[in-house]
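Subject: The structure we talked about

Hi there,

Here is the structure I promised to pass on. Have a look at it first, and then read on for what I found in it.

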Amino acid sequence: MKQTIISPNAFKTIAWKNGKGNTIELAINEGASLADFKWRISMADVVENGEFSDFSGYLRNLVLIKGNSISLEHDKQATDILDQHLSFATFDGSNKTYGKLANGAITDFNIITCRQTYHTEVFTCIDTMTKQLPPCDIAFVYGLTSPIDVRLNNAQQTFSLKPNHLLKYEFEDNQHVIQATGREMIIVCLTEK
């Protein structure tokens, strides 16, 4: 198992594919670019209504982490409404997705994964809870406002992940037991297909 903590100092600001804003990229798979990657974790401010960038071939998970509400209309057929803190939508990156703000700007947390490479699970919680991560190949833990206590394989010792830091685990087998305890946290689990 390999453990990496990515601090905000290592985050990168990158222009959106459609050129209408910027993304804060927390992490992307090694050797990747915006045009060709397997997974990517990022955050973005949405300050006006508009069409989302095309990410054909990818699955998108978008979590509302700041602000009141955004509706996501996909191909003028289905709509996801995110109006609760840490609510999220899962949708095909090839959709023509139009975002409409209901009451001011929002900030979202994005998980974009190659559909052919990974199965993606996203978990969020607002109130303090303990979540055991399911078996996976790569896991991420992110806390917004308070430290997240992480315990490995039922060990007695825990370590504390600072707010706004991204914890990444890479596993070699499914024999791991990881528990994360905290509030306002996002957990992402990727399993190779």
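To get you started: which residue lies over the face of phenylalanine 123? The answer is lysine 131, at 3.9 Å from the ring centre. Please keep in mind throughout that this is a predicted model.

**A charge over a ring, and the rings around it**

Phenylalanine 55 also has a lysine above its ring: the charged end of lysine 17 sits there, 4.4 Å from the centre.

A pair of aromatic rings is described by how far apart the centres are and by the angle between the planes. The aromatic pairs in the model come to 6. One of them joins phenylalanine 37 and tyrosine 58, which are stacked, with 4.4 Å from centre to centre and 25° between the planes. Phenylalanine 37 is in the loop between β3 (22–28) and β4 (39–46), while tyrosine 58 belongs to strand β6 (residues 58–66), so this pair ties together parts that are 21 residues apart in sequence. Both phenylalanine 37 and tyrosine 58 are buried.

Phenylalanine 55 is buried, as is tyrosine 58.

**The sheet**

Strands β4 and β6 turn up again in an open sheet of 6 strands, which run in the order β2-β3-β4-β11-β6-β9 with antiparallel pairing. At its edges are β2 (12–15) and β9 (88–92), each of which pairs on one side only. On average, neighbouring strands in this sheet are turned by 30° against each other, direction ignored.

Isoleucine 14, for instance, has threonine 23 in β3 as its bridge partner.

**Asparagine 110**

Strand β11 (residues 106–114) holds asparagine 110. Is this residue buried or exposed? Its relative accessibility is 4%, so asparagine 110 counts as buried. The side chain of asparagine 110 makes a polar contact of 2.6 Å with the side chain of aspartate 108.

Beyond its neighbours within four places in sequence, asparagine 110 is in contact with a run of residues from Arg40 through Ile41, Ser42 and Met43 to Ala44, and also with Arg60, Asn61 and Leu62.

**Two residues with positive phi**

Most residues other than glycine have a negative phi. Lysine 76 has a phi near 55°, a positive value in a residue other than glycine. You will find lysine 76 in the loop between β7 (70–74) and β8 (78–82). Leucine 86, in the loop between β8 and β9, has a positive phi as well, near 70°.

How do their surroundings compare? Lysine 76 is exposed, with a relative accessible area of 75%, whereas leucine 86 is buried, at 3%.

Happy to go through any of this with you at the screen.

Best wishes

Technical notes: Residues are numbered from 1 along each chain as its sequence is written. This is a predicted model: local features need pLDDT of at least 70, side-chain atom pairs count only at pLDDT 80 or more; totals for chains, interfaces and linings use all residues. Side-chain values use heavy atoms; hydrogens and water are left out. Helices (H or I, at least four residues) and strands (E, at least two) are DSSP runs, numbered from the N terminus. Buried means under 20% relative accessible area, exposed over 50%, partly exposed in between (1.4 Å probe, protein chains only). A polar contact is a pair of N or O atoms within 3.5 Å; within protein, one must be able to donate a hydrogen and the other to accept it, and residues adjacent in sequence count only if both atoms are side-chain atoms. Contact means heavy atoms within 4.5 Å. Rings of Phe, Tyr and Trp (its six-membered ring) pair if their centres lie within 6.5 Å; planes under 30 degrees apart count as stacked, over 60 as edge-to-face and the rest as tilted. A charge sits over a ring if NZ of Lys or CZ of Arg is within 6 Å of the ring centre and within 35 degrees of the ring normal. Two strands pair if DSSP finds at least two bridges between them. Axes are lines fitted to C-alpha atoms, for helices over the stretch in contact, and angles run from 0 to 180 degrees between N-to-C directions.
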